[in-house]
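Please look over the sequence and the model before reading on. The paragraphs below go through it one part at a time.

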Amino acid sequence: LKDQFDNLDKHTQWGIDFLEKYAKFVKERIEIEQNYAKQLRNLVKKYCPKRSPKDEEPRFTSCIAFFNILNELNDYAGQREVVAEEMGHRVYGELMRYSHDLKTERKMHLQEGRKAQQYLDMCWKQMDNSKKKFERECREAEKAQQSYERLDNDTNATKADVEKAKQQLNLRTHMADENKNEYAAQLQNFNGEQHKHYYIVIPQIYKQLQEMDERRTIKLSECYKGFADSERKVIPIISKCLEGMILAAKSVDEHRDSQLVIDCFKSGFEPPGDFPFEDYSQNIYRTISDGTISTPKQEGMRIDTKTTVGKAKGKLWLFGKKPKGPALEDFSHLPPEQRRKKLQQRIDELNRELQKETDQKDALIKMKDVYEKNPQMGDPSSLQPKLTETMSNMDRLRMEIHKNEAWLSEVEGKVAARSDRRHSSDINHLVTQGRESPEGSYTDDANQEVRGPPQQHAHSNEFDDEFEDDDPLPAIGHCKAIYPFDGHNEGTLAMKEGEILYIIEEDKGDGWTRARRHNGEEGYVPTSYIDVTLEKNSKGA
């Protein structure tokens, strides 16, 4: 390839162009990965649920599985970004840096080759000039020799002419000899430089170009491998993402979802009872001796179809659309079962808040004790406002808990009463063939369940044992108020600091003690505000 300098120039340029072409391919692949990851993240963001209250959080296993799949897909998008970043750093960036270095090196080697070629061309021109000069001097010497021989043979020529022609011949011969020597020296020099050029300089330059091109090929091979490694490195994590999606799919439990639907919409109400048979023929059939159609009393016993149907229709909303109404504090607008769940959730939240306030009070008391023992660390009185506020919050939370527990007990009592009543009424229905009244109670008298109003005493009997008592409770001890208590809330008893009260009911763990004044006024006071002394034999109020 000693004479293929131009072709090698074109080949090395093609190699660099190919390197840059592959770099462009990698760049476009990186853009595809980045756009793919971006679109995946936008898709996940689009279908991910907005931040919602706890009540609206998805509970169905199919929904939870879908959201887990979205999370795994988001992680998968992150791995696509890792692939793009790895390709950009390890492949594309390396290719661009190497391409720049390769162009610089190629330019240097080609410049060296052109310089060597230019130097060889210069030596050839010098040799060619000396050759042409030697050839010209030889022709002039031959002409001088011919002129001298003609004059020497001419008898008419003078001696001076002959001598002059001889001197001219000698001069031309001498100049021809000098040019001969110069031509020989230039020829020897050119042959040496040409040999050096084709056997030393050019092979060395071509070897450098060959090494450069081989390094380019090796670099391409490494980039091909790095291109694949960038993808292969994230395969384990991508596999975990796919496994997470499969596990999410396997976690779907149709029975659990069905049970959640039942728990969510379970109202606790009884289904509507059977419609009573309305006998319109009782006024037609009469004895022959009876001349009247019916008595006013019987007329008044006639069943009002519209009223009965209206009452029955009023019960149907329990299994159809729930009537809309304002949300009440005690959740009485909800069905019993849903009301019970809401109240239990609220009680749990209040207990957690109470525990936080209790921990804060204990910490403040400990800090106050430390300040009292070491006054240089702080003023104990500075903690009193915070301590008072914390205790006030605890009292408020205890009252809220007590109030919600009362509502919960009411709901649980109603549900239990309905269950017992339903069980007993089912038995009575089988034995006596009775019918259900509009309010859910059973009776043997068909007229009574139509005409009679709903019995109120059945509702009140459920709470007689808990809230009503004819005789006042006996005192089981007495207490002294350590702190004043306002007692603004219903069911509480206000007291002054140092006031003596009777204890008629101990603290049941909710932080409240039931007390009575000397004038007979009763109510609940915070247990932490009083100093209690219980007595074995105590007289009643």
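Where does UniProt place the feature "coiled-coil region"? The UniProt record, an unreviewed entry, puts this feature at residues 124-168 and at residues 340-374. The structure shown here is a predicted model. In that model, the span 340-374 is 97% helix and 0% strand.

Next come the nonpolar cores. The largest nonpolar core is made of 34 residues. Y22, V26, V91, L95 and Y206 have the most contacts inside this core. Four helices each supply at least two of the core residues: helix 1 (5-47), helix 2 (61-153), helix 3 (159-233) and helix 4 (235-250). Helix 2 gives the most, with 13 residues. There is also a second, separate core, which has 18 residues. Among the members of this second core are M391, C479, M495 and I503.

Take helix 2 to begin with. The axes of helix 1 and helix 2 come within 8 Å and cross at roughly 165°. An angle over 145 degrees counts as roughly antiparallel, so helix 1 is roughly antiparallel to helix 2. Their crossing is left-handed. The contact of helix 1 with helix 2 consists of 29 nonpolar, eight polar and 11 charged residues.

Now take helix 3. The axes of helix 1 and helix 3 come within 11 Å, and the crossing angle is roughly 15°. Angles under 35 degrees count as roughly parallel, so helix 1 is roughly parallel to helix 3. Helix 1 passes helix 3 in a left-handed crossing. Sorted by class, the contact of helix 1 with helix 3 has 16 nonpolar, three polar and five charged residues.

A single residue can close the tour. Q117 is found in helix 2. Is Q117 buried, exposed or partly exposed? The relative accessible area of Q117 is 31%. Buried means under 20% and exposed means over 50%, with partly exposed in between, so Q117 is partly exposed. Along the chain, Q117 and Y198 are 81 residues apart.

Definitions and conventions. Residues are numbered from 1 along each chain as its sequence is written. This is a predicted model: local features need pLDDT of at least 70, side-chain atom pairs count only at pLDDT 80 or more; totals for chains, interfaces and linings use all residues. Side-chain values use heavy atoms; hydrogens and water are left out. UniProt positions are given in the numbering used here, feature names are shortened, and annotations may be inferred rather than shown by experiment. A nonpolar core is a set of buried Ala, Val, Leu, Ile, Met, Phe, Trp, Tyr and Cys residues joined through side-chain atoms within 4.5 Å. Buried means under 20% relative accessible area, exposed over 50%, partly exposed in between (1.4 Å probe, protein chains only). Axes are lines fitted to C-alpha atoms, for helices over the stretch in contact, and angles run from 0 to 180 degrees between N-to-C directions. Angles under 35 degrees count as roughly parallel, over 145 as roughly antiparallel, 65 to 115 as roughly perpendicular and the rest as oblique. A crossing is left-handed if the near helix is turned anticlockwise from the far one by less than a right angle, and right-handed if clockwise. Ala, Val, Leu, Ile, Met, Phe, Trp, Tyr, Cys and Pro count as nonpolar, Asp, Glu, Lys and Arg as charged, and the others, Gly among them, as polar.
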